[in-house]
Every structure is written in C-alpha cells, then in structure tokens.
Amino acid sequence: MLALVLLVGLTWAAYALFRTSPETIPNPPTSLTSGSPVATPTLGTTPLGPSSAGSPGKPAMVVVHVAGKIRRPGLVRISAGSRVADVLAAAGGALPGVDLTTLNLARQVTDGEQIVVGVPALAPPGTPTVGPPASTPGAAAGTPLDLNTATLAQLDGLPGVGPVLAQRILDWRTEHGRFTSVDELQEVPGVGPKKFESLKPHVRV
C-alpha cells in the first residue's frame, strides 16, 4: 500500500512539472521604424515669444509751444502726428469765447512749432512791410494802452517790447485773469525795474 501511494505521488509531481514548463517567446522583429531626431533646445537660443527686433518701439514725441488765450499755456509734449485740436485739448482747451476759426484744427503739428490761440499771428521775421508802418491804436494820441484789452500787436508796439515780451504779457494775463494794477507788469518775466519805468507811462488797467 505504501509503495502504491508513493508511486501515485511521483506520477502527479511529474505531470505538474510538465504543465509548468516555460513557453518559448519569439524574438521581436529587428527592424525599427525610422524617424527624425529631436534636437535638444539650447538655453538662450530658443526665442521666447516675438523677436524684440520686430516689436515696435515707443511712439515718437514732439514738443509744441501753446500760447495766447489757452487754459494752460506753455510747452506740450504729444505724440508725433497729432493735430492742432489734440494739442489744444492737452493744454486744457481755449478760454471761453475764443474764436478758433483762425486755426486749422485738423493740421498735423511739427516739433518745435508755436500755436498762438485767439491772437493774430505775427508776420515771419524779414517780411517786408508794404506802405507806412501801422500806428498802434492810442499810441499816436498819447493814450496809455490798456493791459487787459491790448492785443499782441499793440503790446509789440510799446517802446522796448518785442514779440517775445508781448507774448509773455499775454501769457501772464491769461494765467491770472487780468491785471489789477500797472505794478503787476513787473511780475512778467523779462520786465525789470528799468523796463517797467519806461513802460509805465504808456500803459494802464
């Protein structure tokens, strides 16, 4: 009996060992699919976004001098290609009641030019005068000139006053509203004690 049991056990072990023998797996194909190599990017050579050479720079700027009957006379820095209307808006706009029909509001401004608002434009230097020079209203008759109503041409006709100083007087009047006394003329840049004494008999408020 013992020998029979041992024989059955050996037979079962041999059968189990045969069932668990490893199967042969075929080798994978040796041919590989061709492709393009991928280059590893090098730091500093791969552009990040648009090239800086093609990006537009800052817009060009021009400087324009605004004078006359304007809220904020002086220098205005504005983009190139702007119109006269844009410059006036940047300077706060013209004073109430000022006639702007003498200005071409659609004209493009240029760097370094001057825009005079509400005041007749002066003739360019060297322009020949036809006929006798026009007399300043009130000057021939010896009547003092009213600083609060005088025009640029009238102020330019005063002794020792040129176009630049005449414009400064207008700028001061625009900034402060009006002259309350002749002595305030000394607050205008360029009017020193000697010039004030020479102008005092010729002006009033």
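The legends below describe close-up views of a predicted model of one protein chain.

**Figure 1. Overview of the chain and its elements.** The chain contains five helices and five strands. Read from the N terminus, these elements follow the order α-β-β-α-β-β-α-α-α-β. The chain has 205 residues, and 26% of them count as buried. Among the contacts in the chain with a separation of 6 or more, 46% come from residues 24 or more positions apart.

Figure 2. Three strands make an open sheet in the order 2-1-3, and their pairing is mixed. Strand 2 (74-79) and strand 3 (114-117) are the edge strands, each pairing on one side only. On average, neighbouring strands of this sheet are turned by 35° against each other, direction ignored. Strand 1 covers residues 61-68 and pairs with strand 3 in the parallel sense, whereas strand 1 and strand 2 run antiparallel.

**Figure 3. The hairpin of strand 1 and strand 2.** Strand 1 and strand 2 form a hairpin, with five residues between them. The two strands are joined by six bridges. Two residue pairs can be picked out in this view. His-65 has Leu-75 in strand 2 as its bridge partner, and Val-66 has Gly-74 in strand 2.

**Figure 4. The parallel pairing of strand 1 and strand 3.** Four bridges hold the pairing of strand 1 with strand 3, which is in the parallel sense. Ala-67 is opposite Val-116 of strand 3. Gly-68 is opposite Val-117 of strand 3. In a regular strand, side chains alternate between the two faces of the sheet.

**Figure 5. Helix 4 across the sheet.** Which strands does helix 4 lie across? Helix 4, made of residues 163-176, lies across strand 1 and strand 3. The helix runs at about 80° to strand 1. Strand 3 is also an edge strand of the sheet.

Figure 6. Leu-165 is a residue of helix 4. Is Leu-165 buried or exposed? Leu-165 counts as buried because its relative accessibility is 9%, below the 20% cut-off. Not counting residues up to four places away in sequence, Leu-165 touches Gly-160, Val-188, Pro-189, Gly-190, Val-191 and Lys-195. One of these contacts, Pro-189, is 24 residues from Leu-165 in sequence. In space, the C-alpha atoms of Leu-165 and Pro-189 are 7.9 Å apart.

**Figure 7. The salt bridge of Glu-113 and Arg-107.** The structure holds two salt bridges, and this view shows the one between Glu-113 and Arg-107. The closest N and O atoms of this pair are 2.9 Å apart. Glu-113 counts as buried because its relative accessibility is 13%. Arg-107 has a relative accessible area of 34% and is therefore partly exposed.

**Figure 8. The salt bridge of Asp-146 and Arg-204.** The side chains of Asp-146 and Arg-204 meet in a salt bridge, at 3.8 Å from N to O. This pair links distant parts of the chain, with the two residues 58 residues apart. Asp-146 belongs to strand 4 (residues 145-146) and Arg-204 to strand 5 (residues 203-204). How do the two partners stand in terms of burial? Asp-146 has a relative accessible area of 15% and so is buried. Arg-204 counts as partly exposed because its relative accessibility is 37%, a value between the 20% and 50% cut-offs.

**Figure 9. A nonpolar surface patch that includes Leu-4.** Met-1, Leu-4, Val-5, Leu-7 and Val-8 make a nonpolar surface patch of about 570 Å². Leu-4 is located in helix 1, which covers residues 2-19. With a relative accessibility of 52%, Leu-4 counts as exposed, since the cut-off for that class is over 50%.

How values were computed
Residues are numbered from 1 along each chain as its sequence is written. This is a predicted model: local features need pLDDT of at least 70, side-chain atom pairs count only at pLDDT 80 or more; totals for chains, interfaces and linings use all residues. Side-chain values use heavy atoms; hydrogens and water are left out. Two strands pair if DSSP finds at least two bridges between them. Axes are lines fitted to C-alpha atoms, for helices over the stretch in contact, and angles run from 0 to 180 degrees between N-to-C directions. Contact means heavy atoms within 4.5 Å. Buried means under 20% relative accessible area, exposed over 50%, partly exposed in between (1.4 Å probe, protein chains only). Patches are made of residues with over 30% relative accessible area and no salt bridge: like charges are joined within 9 Å, nonpolar side chains (Val, Leu, Ile, Met, Phe, Trp, Tyr) within 5 Å. Accessible areas come from the Shrake-Rupley method with a 1.4 Å probe; for residues, only the protein chains shown count as cover. A salt bridge is a side-chain nitrogen of Lys or Arg within 4 Å of a carboxyl oxygen of Asp or Glu.
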